[in-house]
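Dear colleague,

Please find below the structure that I am handing over to you. My findings follow directly after it.

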Amino acid sequence: MPAIYTKLITIDKVDLLVGPYATNMVAPAMPVLMQNNKMTISILGLGVNRQFNYPRYFSTVPLGPEGPPAFSKGFFELAKAQNPAPQTVAIVAADAEFAQTAAGGARQNAKAAGFTIVYDGKYPPNTTDFAPVMRAVQAANPDIVFAAAYPPDTIGIVRASNEIGFTPKMFGGTLIGLMAAPIKMQLGPLVNGIVMNESFMPALDFPGTAELMKKYQAIAPERKSIRSATGSCHSRMRSASWSPRP
């Protein structure tokens, strides 16, 4: 990624850079952008600038002033609202920029909400067999599980948890794969009950947006969807329930 952006700046002579896409790609490009004093608008980069504090960096992630902790705030609020309230949490995440940033925010929220972290682990990004990973989480016997993963990991974590019969009181987190409809269709009923976060911008008035929101708001109480505001945008924690196509 640094080589690509070096070429864009030094050979192609671009003035404004849009991207890269995703935290794991944005972070490595930042030093090149800063050295060349270029402005960039990253696409879905989570907390990338929290250490650089680069004034010419902008992000499309609607987290508001709280930064990465806002990504998991609703998850722990929902867990705390249960009766009886769960007491222990396991956090599992890929050893990569995005997942570790999300996990860091989850730790802050878990401790602030009074949860005891009984497992805090990471796995290599190239992991393909998630049964050992999830067995280690299961052995800690947590009440709830917060997982941070990209799409391939999401599939592996969900399938492995089902295979070993792991059923904590609440399971989910920043499972990016479940934002993609094809992955939801691939996993089918295995995603029932998983609590994850999605972001949307109700201020964007595209054709059909208002109709979609009215339809969603009408069924939200029945589906027990929970929404919480974050800045001028909204972050929604929801159960990623599945239903077959008609």
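Among contacts in the protein chain (heavy atoms within 4.5 Å) between residues at least 6 apart in sequence, 63% connect residues at least 24 apart. The model is a predicted one, in which local features need pLDDT of at least 70, side-chain atom pairs count only at pLDDT 80 or more, and totals for chains, interfaces and linings use all residues. Residues are numbered from 1 along each chain as its sequence is written, and side-chain values use heavy atoms, with hydrogens and water left out.

The protein chain contains eight helices and 10 strands; these are DSSP runs numbered from the N terminus, with helices being H or I of at least four residues and strands E of at least two. Of its 246 residues, 47% are buried, meaning under 20% relative accessible area with a 1.4 Å probe, protein chains only.

Seven aromatic pairs were found in a search of the whole structure. Rings of Phe, Tyr and Trp (its six-membered ring) pair if their centres lie within 6.5 Å, and planes over 60 degrees apart count as edge-to-face. The ring centres of F75 and F146 are 5.3 Å apart and their planes stand at 80 degrees, so this pair is edge-to-face. Because F75 belongs to helix α3 (residues 70-80) and F146 to strand β6 (residues 144-149), the pair ties together parts 71 residues apart in sequence. F75 is buried at a relative accessible area of 0%, and F146 is likewise buried, at 1%.

Ring pairs also link F75, F76, F115 and F146 into a cluster.

Yours sincerely

Notes:
Phe/Tyr/Trp six-rings, centres within 6.5 Å; stacked < 30°, edge-to-face > 60°. Buried < 20%, exposed > 50% of the residue type's maximum accessible area, 1.4 Å probe, protein only.
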